[in-house]
Amino acid sequence: MSLRTFTHEKTRALLVLLLAGVPFYCSAQQLTPVSGVVKDSTTGQPLTGVTVLEVGTTRGATTDAHGRFTLTPVRSAGAVKFSYLGYNDKLIPLTQAGRLKNVRLSTNNKTLNEVVVIGYGSQEKKDLTGSVAQLSAAKIQDRPITRIGQAIQGQMAGVQVRATTGEPGAALQIRVRGSSSISASNDPLYVVDGVPVPDLGNINPSDIASIEVLKDAASTAIYGSRGANGVVLITTKKGNSGNAKFQFNAYFGVQTLAKKMDLLSSKEWINMYEQAQDSAYVKEGLQSGFNWSPSDPISVRLKNLGLPANGRSNTYIPDPRWANGTDSLDYIDWQDAFYRPAMISDYQLSASGGSGKLTYRISGDYKDQDGIAAYSNYKLFSIRANLQAKLTSYLTLGLNLAPSYSWMDGGNVDGKDAQSHHVLAIAPVAEKDAGLNSGIAPYGRYFWAGSTQSPIAYQRETTNELNRQRLLSSLYLLADIYKGLDLKVSGAWNTDQQNHKTYHPTLGLGQVPGTGSSGSYTTSNTQYYLFESLLTYNRSFNGNNISALAGYTVEQTNEATTSQSNKQFANDDLTTLNMSTSTPTRSSTGELKRTLISYLARVQYNYKNKYLASASIRRDGSSIFGTDSKWGNFPSFSVGWNMAQESFMQGLPWISQWKWRYSYGENGNNGIPDYNAFGSISPDNYSFGESLVNGYVPGSLSNPDLHWEKTQSSDYGLDIGFWNNRLSVSADYYNKYTTDLLLNVPVALATGFASGYVNIGHVRNQGLEFAVNTANLTGQLQWNTSFNLAFNKNRVLQLGTGNAPIHTGFSHQTQLITVGQPIGVFYMYDAIGVYKDNADLKASPHMATNKQGDVKYRDVNGDGTIDVDDRTIVGQPDPKYSWGIYNSFTFKGIDLSFLIQGAGGNKVYDLIGRAIDRPGMGTLGNALGRWRDRWRSPSEPGDGHTPRIDGTTGSQYDSRWLYNATYVRFKSLIIGYTLPNGLIRGVDHARVYFSGENLFYLYNKDYGGYSPEALNTNGGDYGAYPDARTIMVGINLGF
Amino acid sequence: MKKICFSIILLAFAFTSCKKSFLDLHPTSSITSGNFYQTPLDIQQALNGVYASLRDWPVDIYLFLSEVRSNNFYAVFEDGQRDWFDINNYQLTPQATLLHDTWQSLYQMINRANEILAHIDEVTFDDPATKEQYKAQTRFLRAYAYFQLVRLWGSVPLANKVITPAEGIQLKQSPPADIYKFITAEMNAIRDSLPTQYTAAGDVGRATQWAVKGVLARVYLTMAGYPLNQTDKLDSAGALLQEIVAHEGTTPKLMLAPNYGDLFGYQHDNQHCIFEVQYISGGLGEGSTFPSEVLPNLSTSLVNVRSLQSANRLTISQDLLDSYEPGDKRFDVTFDTSYTTNDNPPQHGNTPFFKKFVDFGLTLTNYDDWPENFPLLRYADVLLMDAEVLNDQAGTPPQAAIDMLNRIRSRAGLPAIHPATKQAFQTALARERRHEFADEGQYWFSLVRTGQAVPVMNAWFKATSQSKSITQNKLVYPIPQTEMDVYPGLYTQNPGY
């Protein structure tokens, strides 16, 4: 049965059942309503949003702005439970109705009863045996977050978030407990409200109730072949019974370039140019047997070169106008011109509430963010509706719908050969009249510069639009079958349509519009279906608490892509493609289907919440893998001991929590491209007799045994709390051992292929994590601190045949995967200076071709000469540690919080720096500022690190662009003021705030690029979209 | 009761499972190795794929690894940005991307051929002769790829069948003599299997019998010289060349076109050359980049033409320009020394560039879409090789050899010459070859096999004050570092790198 028919059948069945369910709607006897007011027991302030629930029913309400509630109970002998975050629950029997009039809740500092979302369920934090990091809405909602990863960064021990690009709308890189894979994906699995999604794009951060990151294998094994990199669970907010509550949030801000790179000024560039021309001129003379002097004036040079009196040559002859400076030419600082202050604004409105059997929360968000790069912009419009209906006493129906639409304009900034690269590479001098339009008609390129066109004009004139239409939807039916036995049947349908349009008009001087133009339109459509049945059983008896789960899930993804490109247009009037007015260069469609079937089971047990145990297993079958290895089993178990509850600890009342945890589990990583098990045959055409003939050639190696990577990991944890948990500490040690790595192993090209996927090799990640939470002050001035710190040690333990090291990175020449080292250590020549003169050259080990003024490399093997064997390991790309410290203060209505965050022990390879900086790059473009201190002659040796302008090591990869990536960043600061209650009539809650994101580095000693977090091309930073510093003001209104 | 019924229905529904085949998915928008090589059409398309590899040869092998290596080019500016500077300056290291790319392209071509040979016998052809022809073309092209490999690198791994990754790291290099033995055995096996010419549109440009014999003659001639010095191979080369010369005029391609200028340009594709790399323009991805690689900023209707000379300071050497005799008609066909650039305002340019393969006035939208074919073997080459063999075999230059040399000179508008000694003839022939085939990538390989590369290059370095000299180590390239690194100890690096 194909999934389509399968899905149809299931959907039909579900509908029938739902309809059939309606008659079951059972009405119970209604009693007299009760009402009252809920207040803080110490301050006497009314509490807004307290959940009021009739125990054992779904009958509930929430308190309004004045703390008032009304509830119509269904059982006369029942009880009402009041619960509110940060307060102790209170239970009042309906028989004592008088006590309901004035309810006082007392605050608690305990977090023991917090509920944590885990895979396919939730659990009270005190019963948790796995390692799960949680971020509650409180830490997200008061901060203007544009990307979800931003919320997590610095907040969770062992969850490393890296802002690899500053591009608006782009995702952040999330790594849970290091990288365990070499060739497959290291991204965690993202799950939104129980439904796996490929990324977190287009999701409104304000809709999030909590983010949980499952870190250890016992927690992630329930996700089987996708769990090895950790699981990020996003739970969205639901409505609560009660009157409609509205929340309006808005913020406005301005973003500016967080850090500028040091390049040569226009004057310095000219100076370097002149020196290069002198050298070329002398060499050209030598070729023809003349001794031309570098001091020859322009007229002599023209004559010698056989050029007319008005001739020019950018190789040999300076621009005579250089002498006049800005009187004749425009000197441009392209970074200042290209990166501009950019506006950001965001408006969110939500309504939530519920009456009787229906609860809802509906929200909308509109975000408009200009990028700091000229002519770049991101807009997002999203809606989320979470609805839940109690159909009968035992059936609950839920629907979550989240459509969204985003527009990204003016892409093409991030990465190699994109505009951020050009901004740095373009010559800082232009013709006086051309200025910022240099190279764009009606202005030609500056004769002494390269062909790079003004990146600003380029951004203005070209079209690069990516829009994304996404719908996340899920429908579930929850049935209370029999005393603690529940069945949840759910279906999800996620659709993602992305359209990418580009148009590059003909911009050069003297070119006929359209002739050099090119345009493209690509689409990708992804349809994802999930069907899931979960049977859960919860039972408590005589101190034994059992919770069991059995489930079955089927997932299918269908992708369809189209791609069209045309060039040579009739004119540049239209930006759409039409084969009658332009030449098609590409027209193709693609299809892809991926399936996954899983069975899962879990049992959690505890005795008096003291002795805890849990075990789970998942069996996954996936289409991604080879015909011979489709199925895998992923077991786990964990145990815990709440020692503080033992009688021998009762004499230590200041210890409020002492829990030991241990877990072990196995899971997998299936993050490789589809169909890799099959050797592909690719088209490679040819022509005979002036006509095209089709050709097909082997495209990749096949491997029918391909299967998932297996990770076995264990986790030892300790959670301690003192003084009612005013101080709580969590510590974890983990050992994650990955085998059967999906490795894209280089193979001898004699096979016809450069590499092929195999399951081979072992990697280990070991680490320590600490999380400390303290309530430093609890009086009128409250001060809370949370601190987290994580260390990760990554080692490759085994590789393919003979443990042959694998060269990787940029052009396979900057990084190495080798046994005993972390994955992808930087491997290159270690630059230790410059040969300051011929004597130094002679006395030091060197390459045969080296000259004085060249970069000097370390003679690693000590053989007295420099060659490929002197390349060496010079650092690792992934941080050895990461940490964050978050402080929050409240005093009366004022709140202040700030986050300082850092990572370190790693290096970053600044490929963009290398691209514009290699010795001998020529002078047609700009270079790094350090060239002002270059080696000029033995008597002018410069800074001792920057070589001569025409050095011979230009093609080498060396450590001159390798920087220490350790940083400490003052990431965010928020100061808010909440207006006193009742100041504005009809408004329950009003807060205004000021916030700053990416404020400044406390430590980032020597990174030459924009951000030490940047990462885009083969382990390096090749012109990432720079980070923006954002200053914002915002309001939160609840009414 | 209702609740129970309902629960049972729901449970039954919840745990229905689907078929096992649900997981057995195959690619729907790409072909896999499991279902290809099954029909004669598959084989024909796979063979076209082998030919497609030839498109990498002109730029990578004939321009950068041959012309740029020789004293035909001079890198003024010490520009480390691209590999060609290092090639010209003899600073090339095993990390050079171009070396990797060329090695990869040639072994891909060999693998493409090996896959055909592994499957072709299982395919039923209506016409067995077609099958034999496909096989012969495949074997020829595979042997030709090995000829490039052995000329460029010396000892290289010899994969004469499809090999797995595990076999790949067991396969060591074979010495040049073994590689040459394989090449000649393969080409000899099929030397008479192919037609003398093709007329069907979809076939014009495939390897003919004459292409096989001409290339095989060049292989023998190379074996007779440096580094193997198997002088007995002169006779083998001579026999093949004389067979071709004996058939002069039997096909339009076995003739010396009267006008040198008519040999080049896209209008003359497939007219005068025995074997050519085929290109067509039209945005199909089948165009040539070769002409663009040696262009300055020209004022033509061409747009987006990537320029090598102006941006990267790789100029034609004065030595080459000065070596032409006055009145050599080939000079103006080969070079442009005075032109207008597309700068603003337009400039007069006088830095010479190769215009042999540039069709002026042709409107292209991209630098990589030139339609000109690139010659791999021309009849003039056959004549000069034959003249070389005849002279080398004799004590003094035989008249037949002198006649052949003078036919080439006469077409170039130059007077006949009569070198008196064997050595004088060799010198004259070397110069003729340099001029006749300038920008066609033949010169460097001739220098190497005739043992002239080291003295010629060192003399030029000295004359142009380039403070360097080379040894025989530099006559082959370093094995790409990526290959050295695949399995340490598998390959031995060429000495001097």
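**Notes on a predicted two-chain model**

1. Start with helix H6 of chain B. Of its 26 residues, 21 are buried, so H6(B) is largely enclosed by the rest of the structure. This is a predicted model, and the points below should be read with that in mind.

2. The length of H6(B) checks out. The helix covers residues 128-153 of chain B. At 1.5 Å a residue, its 26 residues should span 38 Å, and the end C-alpha atoms are 37 Å apart, which agrees. Look next at Gly154(B). This glycine comes just after H6(B) and takes a positive phi of about 80°.

3. Now chain B as a whole. It holds 20 helices and 11 strands. Of its 497 residues, 54% are buried. Take the contacts in chain B between residues at least 6 apart in sequence: 67% of them join residues at least 24 apart.

4. How far can chain B be trusted? Its average pLDDT is 89, and 89% of the residues score at least 70. One stretch needs care. Over residues 299-312 of chain B, pLDDT stays under 50. The model has 43 contacts beyond four places in sequence for that stretch. Where pLDDT is low, the predicted coordinates should not be read in detail.

5. For the complex, the predictor gives an ipTM of 0.92 and a pTM of 0.81.

6. What does each chain bring to the contact? Chain A gives 100 residues and chain B gives 96 residues. On the side of chain A that touches chain B, the largest share comes from strand E28 (residues 583-607) of chain A, with eight residues. By class, that side of chain A has 43 nonpolar, 46 polar and 11 charged residues.

7. Strand E32 (residues 680-683) of chain A meets strand E1 (residues 31-32) of chain B over two bridges, in the antiparallel sense. To find the spot, look for Ile681(A): its bridge partner in E1(B) is Ile31(B).

8. Chain A has another open sheet of three strands. Here the order is E4-E1-E7, and the pairing is mixed. Strand E4 (68-71) and strand E7 (102-105) of chain A are the edges, each pairing on one side only. From one strand to the next, the twist averages 35°. Strand E1 (residues 34-40) of chain A runs antiparallel to E4(A), and four bridges join them. Val37(A) stands opposite Arg68(A) in E4(A).

9. Strand E11 of chain A, residues 159-162, is worth a look from both sides. In a regular strand the side chains alternate between the two faces of the sheet. Which residues of E11(A) lie on each side, and are they buried or exposed? Val159(A) and Val161(A) are on one side, Gln160(A) and Arg162(A) on the other, and all are buried.

10. E11(A) has a partner in strand E12 (residues 173-176) of chain A. The two run antiparallel and are joined by four bridges.

Key: Residues numbered from 1 in each chain as written. Chains lettered and ligands numbered in written order. Expected span 1.5 Å × (residues − 1). Buried ≥ 20, exposed ≤ 12 C-beta atoms within 10 Å, placed from the backbone. Pairing = 2+ DSSP bridges. Axes fitted to C-alpha atoms, helices over the stretch in contact; angles between N-to-C directions. Contact = placed C-beta atoms within 7 Å. Nonpolar A, V, L, I, M, F, W, Y, C, P; charged D, E, K, R; others polar. pLDDT = per-residue confidence, 0-100.
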